[in-house]
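Here is a short report on one protein model. It starts with a single residue and then moves out to the whole chain.

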Amino acid sequence: MKNKSMMLMIFIISGLVIPGCSHQHVNNDQDKTEVTPGTEQHIDWFRDAKFGMFIHWGPYSQLAGEWNGRQVPVGRNAEWIMKELQIPVSEYRNMAKSFNPVEFDAREWVKLAKSTGMKYIVITAKHHDGFAMYKSEVSPYNIYNWTPFNQDPLKELAEACSEEGIKFCVYYSHREDWDHPGGYGNDWDYDNDWGQDIYDPEKFNIYLEEKAKPQLRELLTNYGPVGLVWFDRGMYTREQGLEFVSLVKNIQPAALINGRVGHYYQEFIGDYQSTNDNGMPPGGLEEYWETPQTLNETWGYSKFDSLWKSPEDIIIRLAEVVSRGGNYLLNIGPKGSGSIPDTTIKIFNEVGKWMERNSESIYGTSANPFGELSWGYCTVKGNKLYLLVKEWPHEGRLTVPGLLSRVKSAYSLTDRNNTISINKHENITYIDLPAKPADTPVSVIVLEIEDKLQVATQVVNQDENGEILLNYLTASTKGNASTRYNRKGGFHISKWTGPDDTVEWIINIDRPGKFRLSLEYSANREWEGKKYEIKAGDQFFEKRVISTTGLFEYYEFPAGYIDLKESGQYSLKINPAENDTTYLMYLKTIKLIPVETIKSEGWGS
Ligand code: GLC
């Protein structure tokens, strides 16, 4: 496990064997994923695709991180050059006049995505600089009317995508616009010193109504089916976010919407969660999610940035993201000339070769049903488990703890005809592997199992101090209770509204005694006073929620003392006591601290 203080083991407990697990999409757990009603069928392609290409491209690409001898330092976003260097609107507009990407070739870009194994592209139709990268009737400040290029790259990309069977998707910066006096973000040219929640609604509304919304309508009307709309940087109010959701769904009901459409610190709206940039959850989540990631240290092209990730890094990241049930949206920053940097192409070609051999373990799979695996990652599809082995075992033996189903056969994806021998002892499966890795940097071993996937529930042990820490990684959720991402990069359990929405942990006590129980959570003001129940062994508590200042600021609250008198396994369950329409709380952790420790440290009684 990532958390070293938590010693975790997996084993079968009689009567507690849980088929599948609590992670996303395993067995019957799919019904727990939050989607806007009616979109379940539309999200299928996204769930199966796993790998997409993000494209950050605009007039900033021709500046390549430098303007008038000043640079955007490596490590900061080159597409932010206008704001970073406070370039006046008039000068930026002037610079954009010479944008002439004559080397742009839509087919080549889409083919690169396809040969890398990507199933969708998301192109910046308008980034924060306010410049439209398509032919827009709303404002002449667009690539078709403003520049000598006189082409509509989005039209060409949409066509190439439809020919190649790739989903065409658009990024649109809906709140931030440094060109329009009513948009968010430009405080060097305009009297617009707005913040996360402070703005001039009148000015902002003009921007929304005369630019953002009409442009979005154009994008959803003139380019055929759009797979998803990728909004960015959040919105001031939930209502404004919802207006964008309706706008999209009314024109293209099948188009998906990413999680950045609404207010960042309120419950997310949209069809799937976007993690923070380059974000990675430590375990699987019970919701649809995607992580946008850079190939070097910037999204838009910078001539200074040579901190490229290697193809090996990318393949390992892909395996990690997919094994946690997410999608990997990997960025390219084409140059101002329209060409894609050579290094990008070289990296992508290597990734594509690995995908050619191993993509079966990626597309259409669901998350790792086990806890963390020391040697790598795991995905599931039908009756196949894909073991994505990063650390090839020197002793020639790979161990899969917790698999209860019988394994019919095992083979490597790169050598399907040679079966690999398997031994099972209790719930541990041993796989005998040759000395040399089957592939690099990740080899895929397939286990074909009989019948349904059955996995032992995880058991949380006391750590060296006798403490028990319970969090989303080891929770078994039932009903609507789900393990989720929060916009500030954390993870918690939520979506529970009634007594059937339970979360359970199995704990193993080898140093019995009295424990102080505490919960770390956040809760909205309106959730104050909601009742919840905790059952630990034969002990029962009923408590009330105390609201915290924000949805993503977790606080620790004592819940009482429990006596676990004997060694052995106990179940600890928590659920809302009554049915309600809103969530109980965002639960981050439950801690059990031995009272002895509290006494000896002198901060208890
Ligand atoms: C951030 C940056 C933006 C970039 C985006 C990609 O929000 O502001 O420049 O497009 O991340 O995820």
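Asn278 is partly exposed, with a relative accessible area of 30%. Here buried means under 20% relative accessible area, exposed means over 50%, and partly exposed lies in between, with a 1.4 Å probe and protein chains only. The structure is a predicted model: local features need pLDDT of at least 70, side-chain atom pairs count only at pLDDT 80 or more, and totals for chains, interfaces and linings use all residues. Residues are numbered from 1 along each chain as its sequence is written, and side-chain values use heavy atoms, with hydrogens and water left out.

Asn278 sits in the loop between strand E10 (273-274) and strand E11 (289-293). Its phi is near 60°, a positive value in a residue other than glycine. Helices (H or I, at least four residues) and strands (E, at least two) are DSSP runs, numbered from the N terminus.

Arg233 also has a positive phi, near 70°, and is not a glycine. Its loop runs between strand E8 (228-231) and helix H9 (238-251). Arg233 is partly exposed, at 28% relative accessible area.

## The whole chain

How many helices and strands does the protein have? There are 12 helices and 33 strands. The radius of gyration is 26 Å, close to the 25 Å that the globule rule gives for 605 residues, so the protein is as compact as a globular protein of that length. That radius is taken over C-alpha atoms, and the rule is 2.2 Å times the number of residues to the power 0.38. The C-alpha trace spans about 80 × 60 × 45 Å along its principal axes.

Of the 605 residues, 60% count as buried. The accessible surface comes to about 23300 Å², and 47% of it belongs to carbon and sulfur atoms. These areas come from the Shrake-Rupley method with a 1.4 Å probe; for residues, only the protein chains shown count as cover.

Contact means heavy atoms within 4.5 Å. Among contacts between residues at least 6 apart in sequence, 74% join residues at least 24 apart.

Charges come next. The mean positions of the 64 positive and 82 negative charges are 2 Å apart. Lys and Arg count as positive and Asp and Glu as negative, while His and the chain ends are not counted. Each charge is placed at NZ of Lys, CZ of Arg, CG of Asp or CD of Glu.

## The nonpolar cores

In soluble globular proteins, nonpolar side chains tend to be buried together. A nonpolar core is a set of buried Ala, Val, Leu, Ile, Met, Phe, Trp, Tyr and Cys residues joined through side-chain atoms within 4.5 Å. Which residues touch the most other members of the largest core? They are Phe168, Trp505 and Leu592, out of 143 residues. Apart from this core lies another, of 22 residues, with Cys378, Leu385, Leu433 and Ile449 among them.

The table pairs residues by C-alpha separation.

| Pair | Apart along the chain | C-alpha separation |
|---|---|---|
| Gln71 and Glu504 | 433 residues | 53 Å |
| Gly234 and Glu176 | 58 residues | 8.8 Å |
| Phe552 and Arg233 | 319 residues | 17 Å |
| Pro334 and Ile55 | 279 residues | 7.5 Å |

Gln71 lies in strand E5 (residues 70-71). It is partly exposed, at 43% relative accessible area. Beyond residues up to four places away in sequence, Gln71 touches Gly65, Glu66, Leu85 and Phe304.

Gly234 lies in the loop between E8 and H9. Is Gly234 buried or exposed? Gly234 counts as buried, at 1% relative accessibility. Its contacts outside four places in sequence include His174, Arg260 and Tyr264.

Phe552 is found in the loop between strand E30 (539-544) and strand E31 (555-564). Phe552 is buried, at 9% relative accessible area. Among the residues it touches, with those up to four places away not counted, are Tyr264, Asn486, His492 and Tyr586.

Pro334 has its place in the loop between strand E12 (326-332) and helix H11 (342-358). Its relative accessible area is 0%, and Pro334 is buried. Neighbours within four places set aside, Pro334 is in contact with residues including Ile55, Trp57, Trp109 and Tyr301.

## A cis bond

The peptide bond from Thr440 to Pro441 is cis, with omega near 0°. Pro441 lies in the loop between strand E19 (428-432) and strand E20 (443-449).
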